[in-house]
Amino acid sequence: MKKIKYIFASLLLSSFLACDTDYIIDPDNPEVAPSTHLVTSAQFDLAYELNDQWTGARGTLGFAQYWAETFYTDENRYALRTSQIDDLWEWPYRILTDLKKAIELVEDPQTSDLMATYGDNNNQVQACRIMMAFTFSKLVDTFGDAPYWSYGQRDNAAFEGLRLEEGVTSPAYTDIQTIYEDLLAELLDAANKMDDSKTVFNNGDHLYDGNPDKWISFAHSIRLRLAAHISDVNNALAVQVFNESDSKAFNSSADEANFTYGLDDITGGPWHQAFTVEARRDFGPALSFTELLYNRVGPFTSITEEDPRTTQYFDTRLGTTEVVGLPYGFGNATARAVSDEGIPSSDIIKQNYKQPILTYSEIEFIRSEFNGWNQANYENGVKASMVFWGVSNTDADSYIANLPAANQETVLTQKYIALYMDGLEAWTEYRRTGYPNTLTVPGDTYGSATFTTLVPDLNTIPNRVTYPQKEQLLNNTNWNAARQSLSDGDTMVSKLFWDVN
């Protein structure tokens, strides 16, 4: 299955990534790769490889309890496969390597003139910095400390990540708190240096089609997300970042970052690949999520109608009148006893599915939090989520009119509902806030079954993912130092610095 993915990835370069390119000598054997090809490949991998059936459906979409497994449920009890952990670690570094290489091509005197034909060189660098910051945030929110590199501190000898060409084969880890502080600085500096009078990329930009204003807004919106993450551990910095970036962050759904896949089996999205091409039926909605959507649990039980996003998120099986969820975490027998569970909606499993990267809805919920659980921002966030998923204005307005007032629980629970299909961010929000408080947790019962994890000493939803075994073998000294900095060692029990819930 992974081999098929790699074949698709190579074909991608000749189809989905194709653009008019002035190769130096031979178009079949270019001497220099266009910066835009590297950027497009990085964008595709960021959308696909960190959200596919291995990293997403069997990983973060499960941790967030959006999806549950139907047949092979060990991952729902947190026994992750070695290949999953490897992918969560290695794919960000592959993406980061592509982006760093694009920067080097743009700045190398021997190639900079050629790269300038693909977009403004300065703006290309700033956009790559923004994507690198976003990618590093995904990596460290999964694992914690990690080998790190940044453009703004490229001469910092302590940042040893991405330096293989310089002979650094066993990079030291940088602590996550230091990384967060640098990410915030990187994003601000990149946004400030972006020239909004010049195109970023002439082609190949599947996020913003080269629009510099959108890239600036993206950078400031990422800063708001990271500010929310640290608000309970460094409130002064979080408030400072919010005040610096709020007015420049997303102000409508037209600003948000999404990746839309292609219209064939090669460039189509991961769920088309899984559910249509491979005809898999390994995943369905988690029962804890469907119960929340039907307002049977949680803070919205006073609303008599189901959440109108329910049938935008999932399709029912033939012969059923509502989306049936799978009990999460209770083992194979309990899951297999459910024969009529829902499946992801047709909008998700179609070829040109739109993967949310960072949405306007999320930014409005962040604004509500920083503004003292502001009602208007809360409602804006719900409405923007409804718009994203194609809910009619009539249905959206009717639902919003019946919402209970904004407070910590209602805002953060609606934020969770709106983060659907971004499993890592929803899992991060649960770790830092404890909301929604409707998730199934170890120790819960379902009939005669009890939710027990398959990981020794883990009696909660995981707080992090353990480092890949390869790090223990190939980078042991630095892995050991990182392990010792964690409260409970290299385990799923150890919390990241922003997780004080």
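Colleague: Where is W373 found?
Modeller: W373 sits in the loop between α15 (360–370) and α16 (375–388). Bear in mind that this is a predicted model.

Colleague: What is the phi of W373 like?
Modeller: The phi of W373 is positive, about 60°, although W373 is not a glycine.

Colleague: And how does W373 count, by its relative accessibility?
Modeller: W373 has 24% relative accessibility, so it counts as partly exposed. Buried would need a value under 20%.

Colleague: What about N295, which phi does that one have?
Modeller: N295 also is not a glycine, and its phi is positive, about 60°. N295 lies in the loop between α11 (287–293) and α12 (310–313).

Colleague: Is N295 buried or exposed?
Modeller: N295 counts as buried because its relative accessibility is 6%.

Colleague: Moving to peptide bonds. What is the bond from Y435 to P436?
Modeller: The bond from Y435 to P436 is cis, with omega near 5°. P436 belongs to the loop between α19 (423–433) and β7 (445–446).

Colleague: Now the whole thing. How many helices and strands are there?
Modeller: The protein has 21 helices and eight strands. Its radius of gyration is 22 Å, close to the 23 Å that the globule rule gives for 501 residues, so the protein is as compact as a globular protein of that length.

Colleague: What does the C-alpha trace span?
Modeller: About 65 × 50 × 50 Å along the principal axes.

Colleague: How much of the protein is buried?
Modeller: Buried residues are 60% of the 501. The protein still exposes about 18,800 Å², and carbon and sulfur atoms supply 47% of that area.

Colleague: Which residues touch the most other members of the largest nonpolar core?
Modeller: In that core of 150 residues, they are Y66, W67, W215, F218, W271 and Y420. In soluble globular proteins, nonpolar side chains tend to be buried together.

Colleague: Take Y420. What does Y420 touch?
Modeller: Leaving out residues up to four places away in sequence, Y420 touches Y66, W67, F289, Y313, F314, I348, P356 and W389.

Colleague: What share of contacts joins residues at least 24 apart?
Modeller: Among contacts between residues at least 6 apart in sequence, 76% join residues at least 24 apart.

Colleague: Last topic, charges. How many are positive and how many negative?
Modeller: There are 36 positive and 70 negative charges.

Note on methods. Residues numbered from 1 in each chain as written. Predicted model: local features only at pLDDT ≥ 70, side-chain atom pairs only at ≥ 80, totals over all residues. Heavy atoms only, no water. Helix = DSSP H or I, 4+ residues; strand = E, 2+ residues; numbered from the N terminus. Rg over C-alpha atoms; globule rule 2.2 N^0.38 Å. Buried < 20%, exposed > 50% of the residue type's maximum accessible area, 1.4 Å probe, protein only. Contact = heavy atoms within 4.5 Å. Areas by Shrake-Rupley, 256 points an atom, 1.4 Å probe, with all protein chains shown as cover. Lys, Arg positive; Asp, Glu negative; His and termini not counted. Charge placed at Lys NZ, Arg CZ, Asp CG, Glu CD. Core = buried A, V, L, I, M, F, W, Y, C linked by side-chain atoms within 4.5 Å.
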